[in-house]
Amino acid sequence: MTANDSLLLPVPDEDGAPFWEYAARGELRVQACASPACGELRFPPRPCCPHCGSFASVWRETNGRGRIWSYVVPHPPLLPAYAEQAPYNVVLVELADAPRIRLAGNVVTGPDAPLNSVDPARLRIGAPVRALFCPAGPGGSVTLVRWLLER
C-alpha cells in the first residue's frame with residue numbers, strides 16, 4: 001500500500017474521462033473547441049465551448065510544464081487519510097503553453113511519494129514545475145497528475 005492508496009480519487013464524468021485516459025498514457029491534454037473559428041482551450045472539460053457555444057471538441061497535448069500560480073499548505077483538521085500527511089502542499093499550476101489553464105495538484109518528489117514529500121518552504125509563486133503521472137488507487141486504477149519542481 002502506497003501513500004496514495006488511501007486518498008480521495010477523482011470520479012471521471014463523460015466530459016472529463018478523456019483527461020484521465022490521456023493521463024494514464026503519460027500525456028497531459030486539455031480540451032479545446034474544435035470550431036475552426038474558435039479553437040479556445042478550456043478546463044475543466046465541459047460539453048459546450050464557453051466562448052462560442054460549439055459542442056465540437058478535441059483534446060490538445062500540452063508540454064506538461066508550468067509554473068506555480070498559487071499554493072496553500074492545509075493544516076488539521078483534515079480528512080483522516082490526509083491528516084497523516086500534513087503539512088502538505090496543494091498547488092494551482094498555470095500551464096506554460098496554455099496560460100489561461102490552471103490545474104490543481106500537489107508538488108511531490110516522485111510518482112509514489114507522499115503528499116508531504118516536498119518541504120513547503122521550497123515552494124514559491126512562479127516556480128517552474130513539470131507534470132508527473134502518478135498511479136493511485138487499487139491496482140493503480142487512476143493516474144493522478146502531480147508536479148515536480150524544476151531546477
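Me: Which residues does leucine 95 touch, not counting residues up to four places away in sequence?
Reply: This is a predicted model, in which local features need pLDDT of at least 70, side-chain atom pairs count only at pLDDT 80 or more, and totals for chains, interfaces and linings use all residues. Residues are numbered from 1 along each chain as its sequence is written, and side-chain values use heavy atoms, with hydrogens and water left out. With contact taken as heavy atoms within 4.5 Å, leucine 95 touches Leu28, Val30, Thr62, Arg65, Gly66, Ile101, Leu103 and Trp147.

Me: How many residues has the largest nonpolar core?
Reply: A nonpolar core is a set of buried Ala, Val, Leu, Ile, Met, Phe, Trp, Tyr and Cys residues joined through side-chain atoms within 4.5 Å, where buried means under 20% relative accessible area (1.4 Å probe, protein chains only). Among those with the most contacts inside the largest one are Leu28, Leu95 and Trp147, and the size of this core is 21 residues.

Me: Why is the pair of tyrosine 82 and tyrosine 88 called tilted?
Reply: Rings of Phe, Tyr and Trp (its six-membered ring) pair if their centres lie within 6.5 Å, and planes under 30 degrees apart count as stacked, over 60 as edge-to-face and the rest as tilted. Tyrosine 82 and tyrosine 88 are both buried. Their ring centres are 6.1 Å apart and their planes stand at 40 degrees, so the pair is tilted.

Me: Which arginine lies over the face of tryptophan 69?
Reply: A charge sits over a ring if NZ of Lys or CZ of Arg is within 6 Å of the ring centre and within 35 degrees of the ring normal. At 3.8 Å from the ring centre of tryptophan 69, the residue lying over its face is arginine 102.

Conventions
Buried means under 20% relative accessible area, exposed over 50%, partly exposed in between (1.4 Å probe, protein chains only).
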